[in-house]
Amino acid sequence: MSDELLNLTAGQQAAKIEAGELSAGEVFEFWRGRAAADDLGAYLWVADEVPEDPGSLPPIAVKDLFCVRGVPSQAGSRILEGYRPPYTATSVEKLQNAGVRVLGKTNQDEFAMGSSNENSGFGPVQNPWDRTRVPGGSSGGSAAAVAAGTAPWAIGTDTGGSIRQPASLSGIVGLKPTYGAVSRYGMIAFASSLDQCGPLTRDVTDAAILLSHLQGRDPCDSTSIGIPGGVSLPTAERLDGLRFGVWGMREPGLEPGVAEQVNATLAKIEELGGGVEEIELPNAKYGIPAYYVIAPAEASANLARYDGVRYGPRTGNGDLTALYEQTRHDGFGEEVRRRIMIGTYALSSGYYEAYYGTAQKVRTKIAQDLSAAFEQVDFVVSPTSATVAFKLGERTQDPLAMYLSDYYTVPMPLAGIPAISIPCGLSEGLPVGFQIAGPAFSEARILDAAHALEKSIGFEGVPVSVDRRDADRRSQDEGPEAPLG
Amino acid sequence: MIDRDQVLHVAKLARLRLSAGEVDRMAGELSKILEHVETMNELDLEGVEPTSHVVDLTNVLREDVPRPSLDRETALEQARDATETGFRVPSPGAS
């Protein structure tokens, strides 16, 4: 059964379960075994048995920051070590109601702050395409699990690129929905005006299936709206009459190998009947500066609740202030402390208008750039990431270099609009992602366009089986040039 | 741009204890990040409305109907130190 299941998308497995060719219990047990054998660091917790009711769809890997009742939900942070919430996030509950069971909780950058998964309080994740490289972040565990074939599909969250960038670096599909499409209730908050839950999957159809279950208005999240008209499965095979505006191809940091794959994809758009034109987003370069005020400012408020009193470990002797300060020093990792400091500074008396006020106006300018673009074209497209997966440790000593990893993904959450990353080829043997963004609530059109393009690209190597990669590595190691040790 | 005293002031506001080495490192890192952030000032933002929220929603209301909430035992379960009726903490002290 192993090869058969590994070669099927989650949607195809679901069809076989429905047809009675596979049992949901067997499918769960197969993936449970795969997840338990993960050696990339992708999982922080794996279900220890098949649930009494195994559901009707393949099980899912869930980013650690989603609260799941009775299951460790730590947002990748030592300050929540051992926390088992008394309730379940609406998004996860909606999947459970649709017949999807939780397979495991996946590793992530602490509180979703990072682009490499190296900021996890529980260790890094290796990229299944090359174990010396990062899988991207912050949903790095979810991306690596799907890419390595240790989960049939996964969910994550995207604040500045945390679904799309790891999907790009790991060679899978990742979708950030419109702000408000999916409830944030029960997601451990990072930046509340930006955070959004979305799927990480092997193909575009699987992303559509998950989104159709995830979306919807939730009385527990007053910012949730759902997707008007819902989400149907994509069927398009052509792009006739659709206009694609491409931006960001002249950025100095864009790797030539990435540009080559993106250009090849633009040519495919034209082959399928679509039009490609270059567009300008004049304020996109101010996305990172604005994001690194707004997100840390909101985070500094959201993370004020971690004080060692109601949950999580507690340290410090002396009075209550000493308890707060020591608990927060010991529990938060370096990057989280750095962002709390930036955010607190930006919101402090005398600096608020200069930083937060200015950043909110820049946010308006970026949203206006995108609105103007959508007067001219149907979709705004670009590379998802300027580079392929980088080496573990390569950017950890330079926080600013790490922040710039999100250059292409930050404008969309600032404007609240949806965007997908699909794998479009390889550069130096590593996956390249192609990003398609559309106006608010255009998920159905984005999924259709991505579906047509996906068929034409025919990207192979998803999932990269851990076994197969290991076999490749072993055969390389046997070669004459293999290093000793 | 950001000196030690400012770092210590902000750390106090954020209830974060920093070691001496961390204070120095943080001053350098924050200065570099804020320098990049300040490229925003190249833009003419005169008359631009700030965006605090991307979704155009006002007054999302619901019926005020009582419903069950977590019982006290469950709410206290995750605390490292609790009595039967509440979270236990040391004295707030003089500071």
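**Notebook: sheet, helix packing and chain contact**

I began with strand 7 (residues 243-246) and strand 9 (residues 379-383) of chain A, which pair in the parallel sense over 3 bridges. Two strands count as paired if DSSP finds at least two bridges between them. Helices (H or I, at least four residues) and strands (E, at least two) are DSSP runs, numbered from the N terminus. Within this pair, A:G245 stands opposite A:V380 in strand 9 of chain A.

I noted the conventions next. The model is predicted: local features need pLDDT of at least 70, side-chain atom pairs count only at pLDDT 80 or more, and totals for chains, interfaces and linings use all residues. Residues are numbered from 1 along each chain as its sequence is written, while chains are lettered from A and ligands numbered from 1 in the order in which they are written.

**Confidence**

I looked up the scores and found ipTM 0.94 and pTM 0.95. Chain B averages a pLDDT (the predictor's confidence in each residue, from 0 to 100) of 91, and 98% of the residues score at least 70.

**Sheet of chain A**

I traced an open sheet of 11 strands with mixed pairing, in the order 1-3-2-4-6-5-10-11-9-7-8. Strand 1 (43-46) and strand 8 (275-278) of chain A are the edge strands, each pairing on one side only. The twist averages 30° from one strand to the next.

I then placed helix 5 (residues 140-148) of chain A, which lies across strands 1, 2 (60-63), 3 (102-106), 4 (154-158) and 6 (196-201) of chain A and runs at about 145° to strand 4. Axes are lines fitted to C-alpha atoms, for helices over the stretch in contact, and angles run from 0 to 180 degrees between N-to-C directions.

**Two backbone details**

I found a cis peptide bond joining A:G137 and A:S138, with omega about 10°. A:S138 lies in the loop between strand 3 and helix 5 of chain A. A:E428, a residue other than glycine, has a positive phi near 55°. A:E428 sits in the loop between strand 10 (419-427) and strand 11 (430-437) of chain A. Most residues other than glycine have a negative phi, and most peptide bonds are trans.

**Helix pair in chain B**

I checked helix 1 and helix 2 of chain B, whose axes come within 9 Å and cross at roughly 105°. That makes helix 1 of chain B roughly perpendicular (65 to 115 degrees) to helix 2 of chain B. The contact (C-beta atoms, placed from the backbone, within 7 Å) is made by B:R4, B:V7 and B:L8 of helix 1 and B:V23, B:D24, B:M26 and B:A27 of helix 2.

**Contact between the chains**

I counted 54 residues from chain A and 42 residues from chain B in the contact. On chain A, helix 9 (287-302), helix 10 (320-331), helix 11 (334-347), helix 12 (352-376) and helix 13 (399-403) each supply at least two residues of the side that touches chain B. Helix 12 of chain A gives the largest share of that side, 11 residues.

I also examined helix 9 and helix 12 of chain A, which pack at an angle of about 125° with their axes 9 Å apart.

Note on methods. Two residues are in contact if their C-beta atoms, placed from the backbone, lie within 7 Å. Angles under 35 degrees count as roughly parallel, over 145 as roughly antiparallel, 65 to 115 as roughly perpendicular and the rest as oblique.
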